[in-house]
Amino acid sequence: MNKRKYENSSNSSKKIKIKTKEIEDLETIEKTLSKEQKEIIDIVINQKKSLFFTGPGGCGKSYTLNFLIKKLYSVYEKHTIGVTASTALAALNIGGGTLHGFTGIGIMDKSFDDTITSIMDKTFIYNRLMGLKILIIDEISMINAETFDFIDEITRFIRSNDKPFVWNLIVEEYVYLKRMFRQQNEYFINGLNNLRLGKIDKDFLKYVKNLDREITYEDGCEPTKLFSTNKEVNICNMNKLNDIKGKTFMFKAQDWSVAQGNKSNNNYKRSHKDLIDWLDKSTLAEENLYLKIGADVLYLWNDKDDNRLVNGTEGKIVGFRSGKTVFREGVPDKVLSHSLIPIVKFKNIEEEVEVKQEIWQKKNNEGVLMVTRKQLPLKLKYGISIHKSQGMTIPMLEIDCKKVWQSEQIYVAFSRSVDPKNLRVKNFRAEKVKANEKVIKFMNEKFKNIF
Ligand SMILES: Nc1ncnc2c1ncn2[C@@H]1O[C@H](COP(=O)(O)OP(=O)(O)OP(=O)(O)O)[C@@H](O)[C@H]1O
């Protein structure tokens with residue numbers, strides 16, 4: 001990311017400044033934590049106990065976890081902390097890897113003995129498991145008991161340790177974050193909590209049905225639309241783009257995989273297309289990104305040097321630069337997209353930002369780089385799939401429930417909203433609202449009848 005600097009800035013002692021800034025940032029964030037969020041930090045950092053924490057969408061789980069990771073990095077050596085998640089997308093949000101890749105169990109297609117041999121062969125995985133002091137697992141609900149047991153057996157064997165890693169024995173503390181940060185409207189929060197439990201009463205059903213109305217946003221802003229299928233997302237984005245005057249540019253990602261080119265060197269038995277599809281599923285970066293001046297976009301990267309620019313930051317394309325020429329309105333036909341650098345005005349940043357390409361990578365469970373994508377970290381913000389919206393906060397939101405195929409999608413989509421005043425819900429049907437009884441039983445046991 002290159003920022004257009006309109007003021008003089010000095011780069012002297014940059015490193016020291018960043019370090020001091022990091023500490024200041026930690027202190028600033030720490031002050032904002034709620035009592036329960038602070039309790040989580042205290043249990044891990046001071047009491048050195050293991051814990052499971054959860055809570056409804058928007059209660060600050062990611063906020064707390066990201067702070068906790070930074071705090072841990074300031075206390076422990078980096079290589080002793082395993083930052084993992086059950087899915088690649090969730091792992092990306094916390095700057096970690098998948099639990100399967102991290103522990104070397106891969107897709108669990110090998111026997112116990114073969115997995116051990118494969119880990120012993122890969123020194124970096126072996127060293128990683130040996131040096132591990134703290135393991136973080138985000139979105140743990142998607143890890144089943146079989147996987148957990150397998151990791152337990154593997155790690156105990158590798159570390160010659162009889163101490164079990166089994167869930168019920170290792171989790172010492174349970175914290176449920178109750179305070180809601182994303183939403184303030186008590187009635188809506190209560191309705192969402194019920195949706196999460198698979199319940200909807202007549203009153204809330206009527207309320208949701210009434211949320212299907214036209215909303216005019218200030219400054220002519222458009223809402224982000226959530227759909228349950230990718231097809232609906234693509235149609236929505238292309239339609240919106242066509243409504244804006246001017247030329248559309250297609251920015252093609254530079255994709256690379258081990259299966260590309262010399263096929264005889266591909267020992268991994270996966271085709272180039274298969275690997276690209278694999279990458280595609282775990283990243284928001286598009287293979288073909290369509291942009292034009294005036295288009296609303298989301299930033300898809302967490303900028304290391306500028307904490308104002310994070311995954312999900314909203315902005316508008318205000319121009320393109322090609323060499324020394326800046327285009328603010330029309331771009332001549334002869335100018336090709338690969339020479340263009342988008343200039344974006346982000347909502348929370350005063351100066352305009354020239355966005356440069358970033359690289360997304362995926363490694364296999366043995367740590368071999370399998371596939372990479374070089375692309376602009378931008379995405380049109382008009383339409384997003386519910387699946388990829390997990391973890392996002394979306395202030396101006398429209399949800400289309402027409403093709404919802406999983407009951408959890410309803411809660412995930414609704415809980416992205418900040419204020420129902422700025423939420424439109426289309427094609428809602430009460431029969432889609434369901435919840436897993438086993439999960440409710442578990443939560444009531446662990447958190448003393450919170451539901
Ligand atoms: N202590 C806090 N002070 C200020 N803002 C907070 C705090 N905790 C969380 N937030 C804000 O609340 C919003 C929701 O937080 P976050 O995304 O961490 O919730 P979450 O529980 O992880 O949600 P989800 O389950 O939907 O992913 C974010 O905008 C976040 O910055």
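Trainee: What does Arg429 count as at 36% relative accessibility?

Mentor: The general idea is a scale of relative accessible area, in which buried means under 20%, exposed means over 50%, and partly exposed lies in between (1.4 Å probe, protein chains only). In this structure Arg429, at 36%, counts as partly exposed, while Glu431, at 52%, counts as exposed. Please keep in mind that this is a predicted model, in which local features need pLDDT of at least 70 and side-chain atom pairs count only at pLDDT 80 or more, whereas totals for chains, interfaces and linings use all residues. Residues are numbered from 1 along each chain as its sequence is written, and side-chain values use heavy atoms, with hydrogens and water left out.

Trainee: In what do the side chains of Arg429 and Glu431 meet?

Mentor: Side chains of opposite charge can pair when their charged atoms come close. The rule for a salt bridge asks for a side-chain nitrogen of Lys or Arg within 4 Å of a carboxyl oxygen of Asp or Glu. The side chains of Arg429 and Glu431 meet in such a salt bridge, with N to O at 3.6 Å.

Trainee: How many salt bridges does a search of the whole structure find?

Mentor: The search finds 23 salt bridges. One of them joins the side chains of Arg321 and Glu354 at 2.9 Å, N to O, and this pair links distant parts of the chain, with Arg321 in strand E12 and Glu354 in strand E15 (residues 353-354), 33 residues apart. Strands here are DSSP runs of E of at least two residues and helices are runs of H or I of at least four, numbered from the N terminus. Arg321 is partly exposed, with a relative accessible area of 21%, whereas Glu354 is buried at 7%. Elsewhere, Asp212, Glu214 and Arg424 are linked in a network of salt bridges.

Trainee: Which residues is Gly319 in contact with, leaving aside its neighbours within four places in sequence?

Mentor: Contact means heavy atoms within 4.5 Å. Gly319, which lies in strand E12 (residues 314-322), is in contact with Ile293, Phe327, Arg328, Ile341, Pro342 and Ile343. Gly319 counts as buried because its relative accessibility is 0%. Gly315 is also found in strand E12 and is buried, with a relative accessible area of 9%; not counting residues up to four places away in sequence, the residues that Gly315 touches include Ala295, Val344 and Phe346.

Trainee: How should I read the domains, and how many salt bridges does the rule find across the interface of domain 1 and domain 2?

Mentor: Domain bounds come from an automatic or database domain assignment, which for this chain gives domain 1 (20-176) and domain 2 (186-290 + 297-305 + 360-432). The contact takes 21 residues from domain 1 and 16 residues from domain 2, and the C-alpha centres of the two domains lie 26 Å apart. Across their interface the rule finds 0 salt bridges. On the side of domain 1 that touches domain 2, helix H4 (88-93), helix H5 (99-103) and helix H7 (123-131) each supply at least two residues, and the largest share, 4 residues, comes from H4.
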